[in-house]
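Let's take a look at this protein together. We begin with a single residue and then widen the view to the whole chain.

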Amino acid sequence: MDTNGKSRHSNYELPACPVEATLELIGGKWKGIVLYYLMVDGRLRFSVLKRKVGCVTQRMLTKQLRELESSGLVNRIVYAEVPPRVEYELTEEGESLKPVLLALKKWGEAHALPLLEERERRKAVEAS
């Protein structure tokens, strides 16, 4: 989904790209991180999830969680307590992303981190 909430395509039947459809659901700066922590840690309260994700604003995390919920990848559980308690967990469909997330983690360790380090090294050389 792009920022205005509209899908790029009206359907994803072939020959539309299933990779693009998947990225539409899980793409975005914070969604992969949210999905990863929910996969690793299980059900999490909003405040714990925000702390784990890091420098995301409350507004942006809420937006990303709502999109994941509307996509059927995350369940939002609200407890009728004072103060209210909200927790998030992966749905069965969200759990099916586990091999994808683990593959991304493995690739990131082997390739993304070295590529980012090299990019930063080049920037430092150009700046000096």
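## A glycine in helix α5

In this predicted model, G94 lies in helix α5, which spans residues 92-95; helices here are DSSP runs of H or I with at least four residues, strands are E runs of at least two, and both are numbered from the N terminus. G94 counts as buried because its relative accessibility is 1%, where buried means under 20% relative accessible area, exposed over 50% and partly exposed in between, with a 1.4 Å probe and protein chains only.

Beyond residues up to four places away in sequence, G94 touches G72 and L73, a contact being heavy atoms within 4.5 Å. S71 is 23 residues from G94 in sequence, with 9.4 Å between their C-alpha atoms.

## The nonpolar core

The largest nonpolar core has 21 residues, and V34, L35, L38, L49, L65, V74 and Y88 touch the most other members. Such a core is a set of buried Ala, Val, Leu, Ile, Met, Phe, Trp, Tyr and Cys residues joined through side-chain atoms within 4.5 Å. Two or more residues each come from α2 (31-41), α3 (46-53), α4 (58-70) and β3 (85-90), with α2 giving the most, 4 residues.

Setting aside neighbours within four places in sequence, V34 contacts L49, V53, L61, L65 and L68.

## The whole chain

The protein has 6 helices and 3 strands, in the order α-α-β-α-α-β-β-α-α from the N terminus. Of its 128 residues, 27% are buried.

## Notes on the model

Residues are numbered from 1 along each chain as its sequence is written, and side-chain values use heavy atoms, leaving out hydrogens and water. Local features need pLDDT of at least 70 and side-chain atom pairs count only at pLDDT 80 or more, while totals for chains, interfaces and linings use all residues.
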